[in-house]
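This report describes the architecture, cores and charged contacts of a protein model. The sequence and structure are shown first.

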Amino acid sequence: MATFQQRSTLGLAVLSLLREAEYRQEGAMHPYKMQRLIRDRGKGEVVNVGQRASLYRTIERLHKAGLIEVRESGREANRPERTLYALTGKGREVWREWMLDALANPTRKYPEFPAAISFIPLLDSREVLEHLERREGNLAAELARLQAIVAEGAQWGRLFVLEMEYLRATTAAELEWVRSVADDLRSNQISWTRDSLTGLASEHQDENHTR
């Protein structure tokens, strides 16, 4: 069984593009073309290729791991060196494992928003409400943008907009949740004061001492 230690979203994208190159009987691909294809196809919504340096670091790690190999390298006139990469046998096996595992098994992420939510009692509730309302507006705008992308891509068939549908669904779910929290803050269903928090902390401490 292949190791998953070096798995990343960008790594999966690189291996997938090289697998596609094999399907097309091209065999190999230059990093610049990988970045361009991801952007041109709108996959930049789910794969971060904003920094080419990150792409090259990922390619270097995959190369060191023996998942890809240099198929051709050369320089033309004053242009930068062009290196074409291709999958190895091991890379082809690991690509398949990564794909199937990513499809089947949810992974625990640690984004900033849930972390910030866990510490909101340290802030004033009115300030929290104000900024959640701002997030609500940002999410609504993002949802509208994603809906437009899905509608535009529908001409090609659902197969080609599945990742955008996923982003739309998760954005809609977060928007609904944020609205529910904001509603409860406005109605004082969720509320706190420094005194109430101090009292809760004291009660918790007393319970621990009696155990």
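Which residues touch the most other members of the largest nonpolar core?

## Basis of the model

The model is predicted: local features require pLDDT of at least 70 and side-chain atom pairs pLDDT 80 or more, whereas totals for chains, interfaces and linings use all residues. Residues are numbered from 1 along each chain as its sequence is written, and side-chain values use heavy atoms, without hydrogens and water.

## Overall architecture

Of the 211 residues, 30% count as buried; buried denotes under 20% relative accessible area, exposed over 50%, and partly exposed in between (1.4 Å probe, protein chains only).

## Nonpolar cores

Leu15, Leu18, Met34 and Ile68 touch the most other members of the largest nonpolar core, which has 25 residues. Such a core is a set of buried Ala, Val, Leu, Ile, Met, Phe, Trp, Tyr and Cys residues joined through side-chain atoms within 4.5 Å. Two or more residues each come from helix 1 (9–23), helix 2 (31–40), helix 3 (52–64), strand 2 (82–87) and helix 4 (89–104). Helix 1 gives the largest share, eight residues.

A separate core of 13 residues includes Ile120, Leu132, Leu143 and Ala182.

## Salt bridges

The structure holds 19 salt bridges, each defined by a side-chain nitrogen of Lys or Arg within 4 Å of a carboxyl oxygen of Asp or Glu. One of them joins the side chains of Glu22 and Arg92 (2.7 Å, N to O). Because Glu22 belongs to helix 1 and Arg92 to helix 4, this pair ties together parts 70 residues apart in sequence. Arg92 is partly exposed, at 31% relative accessible area.

Glu45 and Arg145 also form a salt bridge, their closest N and O atoms lying 2.7 Å apart. This pair links distant parts of the chain, with Glu45 in the loop between helix 2 and helix 3 and Arg145 in helix 6 (residues 125–153), 100 residues apart. Glu45 is partly exposed at 32% relative accessibility, as is Arg145 at 33%.

Within helix 3, Glu60 and Lys64 are four residues apart, about one helical turn, and their side chains meet in a salt bridge (3.4 Å, N to O). Glu60 is partly exposed at 43%, whereas Lys64 is exposed at 67%.
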